[in-house]
Amino acid sequence: MDAARPRTAAPGPRLRRALIVTAGLATAAGLVLWAADPGAFRGLPAAYWVMALLALLVDARPHPVPDRRVRAVILPSICFTFAIVLDRGLAPALVVQLAAITVAGARMRSPVRRWVHLALQHTAALGAAAAVAGLAVPPIGARPDWRDAAVACAAAGAWIAARYAVAAVVRRWTADRRTRRRRRTRADLLATASLLLLGPVILVAARVSLALLPLALLALHAVHRTVRWAGDSERATRVDPLTGLPNRRALQTTMAERGPDRQRALLLLDLDRFRTVNDALGHPAGDRLLARVADRLTAVVPEHDLVVRLGGDEFAVLATRVEGPASARRIAQHLAETLSRPFPLDGTPVELSASIGIALQSGRRDGATLLREAETAMYEAKQRGDQIAVHGPDAPHHSPDRLALLADLRDALRHDGAGIQLYYQPQIAIATGEVVGVEALLRWRHPRRGVVGPEELLRVAEPTPVMRLLTAHVLDEVVAQLAAWRERGTPLRAAVNVSARDLHAGDVADRVSRLLREHEVPADLLQLEITESALMADPHRVLETLTRLDRMGVAISLDDFGTGYSSLQHLRRLPLAEVKIDRSFVLGMVADRGDAAIVRSVIGLAGALGLRAVAEGVEDEATWRLLAAAGCHTAQGWFHARPMPAAELTGWLNRYRPVRPGKRGEIDSGLAGIPSNNEGAGWPPSPAKR
């Protein structure tokens with residue numbers, strides 16, 4: 001695909017060569033035709049010379065076919081040369097056509113090779129039309145009838161077939177064989193057929209009066225407007241209106257086309273902290289910054305590569321001449337350095353950086369897969385804190401076994417989550433012993449592998465877009481279950497884990513809002529849990545998503561606190577409602593004084609900030625007592641109940657009686673009737689969660 005902003009070389013030498021070569025070909029062809037049949041040029045009427053002059057005049061403004069190379073240009077002169085070939089035969093028409101091509105070549109300033117190809121196509125087209133017209137006996141007369149109309153239509157069909165056949169042969173057997181194969185658009189064929197069928201009308205008008213011939217210019221103007229409108233419409237679907245770069249659709253079309261044999265690489269660039277520019281300087285300034293990013297990328301990317309804006313603050317570069325991962329990395333590093341230079345914006349230098357994911361294409365992998373792999377690598381770079389990541393056979397998540405498992409998971413999600421089950425583990429208020437909520441936990445019964453462990457499921461899904469499909473499925477199920485509990489008179493708050501990929505995309509807030517509205521569930525019955533690693537990848541983007549959720553009334557919980565690397569400022573800046581203490585500290589409270597001190601510190605910090613403290617992994621009464629003494633608000637673990645399906649949870653709630661710390665009482669009865677193999681997987685599961 002030609003770039004949306006074509007780079008044109010200085011027309012001087014190229015234009016002179018085009019004029020000299022094409023004019024020379026036209027002159028030589030005319031001399032050859034005159035020598036072969038001098039009688040065809042004797043006694044040419046005035047109508048011929050008027051049509052020839054009009055043909056040269058209208059080709060000063062040829063009609064480029066939308067989003068195609070100049071070889072597919074539509075020459076308005078074909079209506080006049082087609083009329084001449086019907087009236088005077090091949091030789092006079094061909095001389096005029098070649099002269100008109102010379103004029104169009106000078107106007108379009110295109111390479112000589114392309115106009116030679118165009119001359120070959122029109123020569124073959126006129127020859128085919130002349131052959132069909134010559135079969136008519138007698139020839140088209142002064143008063144055409146239905147037979148003459150049929151001959152003109154047949155000749156026009158032969159003209160179209162011959163031209164596009166020669167174009168296909170040229171693509172296949174000349175040095176331009178790497179040119180992308182394109183489908184003829186409806187506007188292309190309609191405009192060509194309209195011009196050709198205008199030829200017989202022009203011929204009849206010329207026989208009536210030469211004064212009628214200039215009126216054909218009005219019809220040509222209408223055709224020109226039609227082709228231009230079609231071009232604008234197609235361009236609008238393939239070009240980003242803000243930056244003028246090709247868009248996602250254009251990229252997918254280009255990747256689907258067969259290119260050269262060398263390996264290609266797709267580099268997906270996501271601007272880091274771009275939202276801060278919108279927040280600080282406003283969206284108009286952000287739009288100008290995106291346009292300058294596009295200009296800078298276009299300036300450093302070679303002509304044979306493609307720069308694309310995918311949407312938002314995401315760009316892509318399709319590199320067509322790479323030798324392998326090392327070569328692709330060098331390109332990515334060059335792009336990163338290009339974007340690292342400050343962008344002057346309203347007198348303020350704006351610093352930008354980008355996370356770049358690379359996917360290499362070889363063989364017959366489709367463009368959608370390549371784009372998905374580049375996106376996976378980009379998120380991997382963000383999560384690792386690196387600037388560049390390469391998706392390839394050496395990546396740990398790219399093993400054949402994991403790819404097969406990922407494909408099975410995607411297929412299960414497309415079939416209403418076949419085999420994917422949700423289990424719910426109660427959360428108990430330590431002060432009162434009451435059930436204050438549940439956490440939705442995930443497990444997957446694979447049809448061949450059996451139960452897939454939570455760690456393996458997370459490793460497979462998290463680096464890929466499948467994670468968002470999985471989150472969407474879980475949210476749908478949980479909100480529907482909340483509505484069912486509410487209708488039965490036992491409203492419960494349910495916590496659902498969301499991944500970094502969901503928070504970066506931002507559409508999780510829209511999905512939650514829609515689900516709560518559709519099921520008529522109050523927002524305070526849903527709680528979303530995030531991990532510290534999700535904050536590290538892109539804190540500003542995550543903050544925007546969490547702020548939207550908080551304004552809706554959805555509580556936010558920071559899961560596995562203490563195991564990541566986030567700053568304590570997140571507890572102050574983020575709209576959190578609670579902090580969940582990781583089970584690795586809770587499990588060691590009784591035996592390890594250090595773990596107990598950490599847990600007490602986290603509980604105190606949460607209380608000072610007005611947050612609830614929730615302890616995971618409470619599995620014995622001694623731990624329960626220590627947490628109560630430290631002032632912990634909520635406990636979750638096997639000491640009260642294992643994760644269970646929604647139907648079993650209803651029975652458990654009916655049997656459970658609130659008991660405060662130190663009164664074991666009915667707590668054991670809460671475990672009765674729950675099979676020992678009902679452990680669940682967290683959503684997304686923590687590595688050690690049971």
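## A buried cysteine

C79 counts as buried because its relative accessibility is 0%, where buried means under 20% relative accessible area, exposed means over 50%, and partly exposed lies in between (1.4 Å probe, protein chains only).

A disulfide is a covalent bond between the sulfur atoms of two cysteines. Here the term is applied to a pair of cysteine sulfur atoms within 2.5 Å, and a search of the whole structure finds zero disulfides.

## The model as a whole

This is a predicted model, in which local features need pLDDT of at least 70 and side-chain atom pairs count only at pLDDT 80 or more, while totals for chains, interfaces and linings use all residues. Residues are numbered from 1 along each chain as its sequence is written, and side-chain values use heavy atoms, with hydrogens and water left out.

The protein has 26 helices and 17 strands; helices (H or I, at least four residues) and strands (E, at least two) are DSSP runs, numbered from the N terminus. Of its 690 residues, 52% count as buried. Contact means heavy atoms within 4.5 Å. Among contacts between residues at least 6 apart in sequence, 73% join residues at least 24 apart.

Helix 3 (residues 78-88) is largely enclosed by the rest of the structure, because nine of its 11 residues are buried. The buried residues are I78, C79, F80, T81, F82, A83, I84, V85 and L86. After helix 3 comes G89, whose phi is positive, near 95 degrees.

Two packed helices are described by the angle between their axes and the distance between the axes. Helix 2 (residues 46-58) packs with helix 3 at an angle of about 155 degrees, and their axes are 8 Å apart. Such axes are lines fitted to C-alpha atoms, for helices over the stretch in contact, and angles run from 0 to 180 degrees between N-to-C directions. Helix 2 and helix 3 are therefore roughly antiparallel to each other; angles under 35 degrees count as roughly parallel, over 145 as roughly antiparallel, 65 to 115 as roughly perpendicular, and the rest as oblique.

Y48, M51, L54, A55 and V58 of helix 2 meet F80, A83 and I84 of helix 3. By class, this contact of helix 2 with helix 3 has eight nonpolar, no polar and no charged residues. Ala, Val, Leu, Ile, Met, Phe, Trp, Tyr, Cys and Pro count as nonpolar, Asp, Glu, Lys and Arg as charged, and the others, Gly among them, as polar.

## Helix 11 and helix 12

The axes of helix 11 (residues 283-300) and helix 12 (residues 325-340) come within 10 Å and cross at roughly 140 degrees. That angle makes helix 11 oblique to helix 12. In their contact, V293, R296, L297 and V300 of helix 11 meet H334, L335, T338 and L339 of helix 12. These residues divide into five nonpolar, two polar and one charged.

## Two buried threonines

T634 lies in strand 16 (residues 634-636) and counts as buried at 5% relative accessibility. Not counting residues up to four places away in sequence, T634 touches Q427, I428, A429, I430, V436, A613, V614 and A615. The C-alpha atoms of T634 and A615 are separated by 6.3 Å, although the two residues are 19 apart along the chain.

T376 is placed in helix 13 (residues 367-384) and counts as buried at 3% relative accessibility. Its C-alpha atom is separated by 8.9 Å from that of I358, 18 residues apart along the chain.
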